[in-house]
Amino acid sequence: MAAVRDGEFAALQSLLKAPSKDAVRQLCQECFSSPPAGLGPLAQRACPGLGAGPEEAEQATKGPSQPVCNAFQCSRALSPFPFLQLVSALHNLTRHVVYRGLTRAEDILSLFPENFHQNLKNLLTKIILENISAWRNEAQASQISLPRLLDMDWRVDIKTSSDSISRMAVPTCLLQLKIQEDVALCGNSPVVSALTVELSKETLDTMLEGLGRIRDQLSAVANK
Amino acid sequence: MLRLRRAPAPGPGGAGGAAAAAMGLLNFTRDPVPEAVSGDMHNLNQLSAQQFSALTEILFRFLIEPKEQVERFLTQLSDFATMNKISLGPLKNIVKSILLVPNGALKRNLSSEQVRADFIALGLSEEKASYFAEQWKVNSPTLTRLAVGQTLMINQLVDMEWKFGVTAGSSELEKVGSIFLQLKLVIKKGSQMENVYIELTLPQFYSFLHEMERVKTSLESFS
């Protein structure tokens, strides 16, 4: 994540127009969570009507950014372009902090330029620190990966008869794995598939052997 | 199990179409036996003990590995035919008739006693029937295991490969340091193999291992 540019800090100053700290807080969270492509729509949602008055803005807004829109009261005086800049700047700032793994207030404060509004700087730093670990988890959860295991269920059956042999008592295991495709590809609607697999006792023993070896290697790595 | 009723003319000379109807109930099958079988048994009785034993050996070797060894089986049969001056065509028919019994016996988990009794009912001499039944007893554990192995399995797990490592960084997080585990499962779907790739976190792995150990305990208690 590239560092935040000076021009973007200037855009951040428009947060001074926010009516409440909670509005700023919510905007920060939305900007962090939104992917770069979603910033435009986010700016639109938070400032719809492109010059419409507050009442029309209220009617046009749907969804979670409604309080933000009402709060920012997009009036004819404020065109959407600076709002988009603000949203991008917040996105870049929050993402940068998470990327660098900054955890101390001093580190975050030092990101801001000298002449930045003092109280706003402190407020933003406070908000970022509150959210940093949740954001870090969110980043890790949405990183690219192979399809992920969500859940597993199993059942043991006893086969009593078949076309090749009419009487037997062979236990077998059915394993159902719930797998979620790569989150980055699916966006907001992850595809979950269920795969049912049958294992004989021999296969299970071999598998456990393999899993045991993994466990031993993991402990060896952990103990180093 | 159906109890066997002895056929009226079990001796070597008692072959003929009528004998088939008079054979009574057999252990290895409920269906009527083809007429040709009694004739084939009669021909078998003409073989010497040595020849019969050699033929039996060829048959059991085929039964134990049927899929891969059809070529080998046919070659051995034709060698046997040449060596003993028997024509291959009739020999093949005889072999087809003989194989009816072990195939049925396998399906119905018959004992060697029942196999012997069935051969006698079909017209084979007591000596040869007893010999075959002995061979059946010796080979049946392997044959049973094979039959069980051929039983239908749904999406059978055939192989598992794995690797684990550490995620050092990502485009969102400069330093990560988290462990990931990747599994590749090879699954037999119908006649094709399919590879499934999954990623697990460390806690998921331990939970997976724990569940699999529970499955093993469960399977073992039923074996």
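Predicted model: local features only at pLDDT ≥ 70, side-chain atom pairs only at ≥ 80, totals over all residues.
Residues are numbered from 1 along each chain as its sequence is written, chains are lettered from A and ligands numbered from 1 in the order in which they are written, and side-chain values use heavy atoms, leaving out hydrogens and water.

So which residue does Arg100(A) form a salt bridge with? The partner is Glu174(B), and the closest N and O atoms are 3.7 Å apart. Arg100(A) sits in helix H6 (residues 80-100) of chain A and Glu174(B) in the loop between strand S1 (156-167) and strand S2 (178-189) of chain B, so this pair joins two chains. (Helices, H or I with at least four residues, and strands, E with at least two, are DSSP runs numbered from the N terminus.) Glu174(B) is partly exposed too, at 34% relative accessibility.

## More salt bridges

Side chains of opposite charge can pair when their charged atoms come close. The rule used here asks for a side-chain nitrogen of Lys or Arg within 4 Å of a carboxyl oxygen of Asp or Glu, and by that rule there are 21 salt bridges over all chains. Another of these is between Lys216(B) and Asp205(A), at 3.3 Å from N to O. This pair also crosses between chains, going from helix H8 (residues 202-222) of chain B to helix H10 of chain A. Both ends are partly exposed: Lys216(B) has a relative accessible area of 26%, and Asp205(A) has 25%.

Chain B has a pair of its own, where Lys189(B) meets Glu194(B) at 3.4 Å, N to O. Lys189(B) is partly exposed at 31% relative accessibility, and Glu194(B) is partly exposed at 32%. Over in chain A, salt bridges link Asp22(A), Arg25(A), Lys126(A) and Glu130(A) into a network.

## Where the chains meet

How many residues of chain B are in contact with chain A? There are 55, and they touch 54 residues of chain A, where contact means heavy atoms within 4.5 Å. About 5200 Å² is buried between the two chains, and carbon and sulfur atoms give 69% of that. Glu172(B), Leu173(B) and Leu219(B) supply 12% of the area that chain B buries against chain A, more than any other three residues. (Buried area is the accessible area, with a 1.4 Å probe, that two parts lose on being put together, summed over both.) The rule finds five salt bridges across this interface.

## The second largest pocket

The second largest pocket holds about 410 Å³ of space. Its lining has 13 residues, and the closest to the centre are Val170(A), Ser200(A), Glu202(A), Val148(B) and Gly149(B). Sorted by class, the lining has four nonpolar, five polar and four charged residues.

For the terms: on a 1 Å grid over the protein atoms alone, where a 1.4 Å probe fits, a pocket is an open set of points with protein on both sides within 12 Å along at least five of seven lines, and lining residues have an atom within 4 Å of a point. Grid points are joined across faces, edges and corners, and volume is the space filled by probe spheres set on them. Ala, Val, Leu, Ile, Met, Phe, Trp, Tyr, Cys and Pro count as nonpolar, Asp, Glu, Lys and Arg as charged, and the others, Gly among them, as polar.

## Two loop residues in chain B

Lys85(B) isn't a glycine, yet its phi is positive, near 55°. Lys85(B) lies in the loop between helix H4 (70-83) and helix H5 (88-107). At 77% relative accessibility, Lys85(B) is exposed.

Asn109(B) also has a positive phi without being glycine, near 50°. You'll find Asn109(B) in the loop between H5 and helix H6 (112-122) of chain B. Is Asn109(B) exposed, partly exposed or buried? Partly exposed, with a relative accessible area of 29%.

## Chain A as a whole

Chain A has 10 helices and three strands. From the N terminus on, its elements run α-α-α-α-α-α-α-α-β-β-α-β-α. Of its 224 residues, 43% count as buried. Among contacts in chain A between residues at least 6 apart in sequence, 60% join residues at least 24 apart.

Definitions and conventions:
Buried < 20%, exposed > 50% of the residue type's maximum accessible area, 1.4 Å probe, protein only.
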